[in-house]
Amino acid sequence: MSIEIRRATEADIPELSRLVAALAAWEQSLDPRVQFDWDGIRDAPNWLRLVLNRGHHAVWVADAGDARLVGHLWIRLKHQADGALPSSIGYISQAFMDEAFRGRGLMKPMLEAAFEWFRDAGITVITLSVLHRNWVGATAWHRLGFSDWREERRMDLKPRPK
């Protein structure tokens with residue numbers, strides 16, 4: 001089966017919405033602290049239309065044919081308003097590959113296309129966030145050349161005592 005890597009179009013929104021929901025479900029299965037607004041996830045067709053039409057966002061897909069996408073990579077430009085340099089960086093907002101297609105190297109060509117898009121925008125630094133318990137994703141990102149840089153911490157704030 002030949003997989004085509006290409007930029008997403010509005011015609012991909014139904015399948016892209018499915019992948020966004022699959023990513024949310026995957027992350028929820030890894031850590032009980034992960035929660036999603038499933039009404040917001042179901043609304044993905046509306047907000048994905050906006051994403052696909054914004055110049056500072058780009059989405060690549062792995063197209064298996066027959067109107068079936070097996071993965072996606074959503075990137076964007078991020079302005080750092082806190083004085084950090086460089087003042088604009090690349091950010092990987094989402095990446096997901098259907099389980100049956102993981103380990104086939106499909107993310108690499110999507111990343112290579114994203115790197116060119118970032119270079120064209122003058123970007124020299126790219127960051128991403130990966131769920132701590134997502135060993136599959138963390139390992140893949142390391143293999144793709146990303147290194148540990150910053151670690152995010154979380155604490156759930158308890159309500160005030162009554």
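## Aromatic pairs

The count of aromatic pairs here comes to 4. One of them joins Trp 141 and Phe 146, edge-to-face, with 5.3 Å centre to centre and 80° between the planes. Keep in mind that this is a predicted model.

Are the two partners buried or exposed? The cut-off for buried is under 20% relative accessible area. Trp 141 has 11% relative accessibility, so that residue counts as buried. Phe 146 comes in at 15%, so this one counts as buried too.

## Charges over rings

## How the strands pair

Let's start with strand S2 (residues 57-63) and strand S3 (residues 69-79): they run antiparallel and are joined by 7 bridges. Ala 62 stands opposite Gly 71 of S3. The hairpin these strands make has 5 residues between them, and Gly 65 takes a positive phi there, near 90°.

On to the next pairing: S3 is also antiparallel to strand S4 (residues 88-97), this time through 9 bridges. Gly 71 turns up again, now opposite Met 97 in S4. Arg 76 has a bridge partner in S4 as well, namely Tyr 91.

What sense does the pairing of S4 and strand S5 (residues 126-128) take? That pairing is parallel, over 3 bridges. Within it, Ile 92 has Leu 128 in S5 as its bridge partner. As for cover, S4 is mostly tucked away, with 7 of its 10 residues buried.

## Arg 6 and its surroundings

Arg 6 belongs to strand S1 (residues 4-7). Its side chain makes a polar contact with the side chain of Asp 12, at 2.7 Å. Setting aside residues up to four places away in sequence, Arg 6 touches Asp 12, Val 59, Trp 60, Val 61, Asp 63 and Leu 69.

Which residues touch the most other members of the largest nonpolar core? They are Val 70, Leu 73 and Ile 75, out of 21 residues in that core. S2, S3, S4 and helix H4 (107-120) are the elements giving two or more residues to this core. H4 gives the most, with 6 residues. As background, nonpolar side chains tend to be buried together in soluble globular proteins.

Ile 75 is worth a look of its own. Leaving aside neighbours within four places in sequence, Ile 75 is in contact with His 56, His 57, Ala 58, Trp 60, Tyr 91, Ile 92, Ser 93, Ala 114, Trp 117 and Phe 118. There is also a second, separate core of 16 residues, and its members include Ala 24, Ala 44, Val 51 and Phe 96.

## Ser 17 in helix H1

Ser 17 sits in helix H1 (residues 13-30). With 10% relative accessibility, Ser 17 counts as buried, because the cut-off is under 20%. Apart from residues up to four places away in sequence, Ser 17 touches Ala 44, Pro 45 and Leu 48. One of these, Ala 44, is also a member of the second core.

Note on methods. Residues are numbered from 1 along each chain as its sequence is written. This is a predicted model: local features need pLDDT of at least 70, side-chain atom pairs count only at pLDDT 80 or more; totals for chains, interfaces and linings use all residues. Side-chain values use heavy atoms; hydrogens and water are left out. Rings of Phe, Tyr and Trp (its six-membered ring) pair if their centres lie within 6.5 Å; planes under 30 degrees apart count as stacked, over 60 as edge-to-face and the rest as tilted. Buried means under 20% relative accessible area, exposed over 50%, partly exposed in between (1.4 Å probe, protein chains only). Two strands pair if DSSP finds at least two bridges between them. Helices (H or I, at least four residues) and strands (E, at least two) are DSSP runs, numbered from the N terminus. A polar contact is a pair of N or O atoms within 3.5 Å; within protein, one must be able to donate a hydrogen and the other to accept it, and residues adjacent in sequence count only if both atoms are side-chain atoms. Contact means heavy atoms within 4.5 Å. A nonpolar core is a set of buried Ala, Val, Leu, Ile, Met, Phe, Trp, Tyr and Cys residues joined through side-chain atoms within 4.5 Å.
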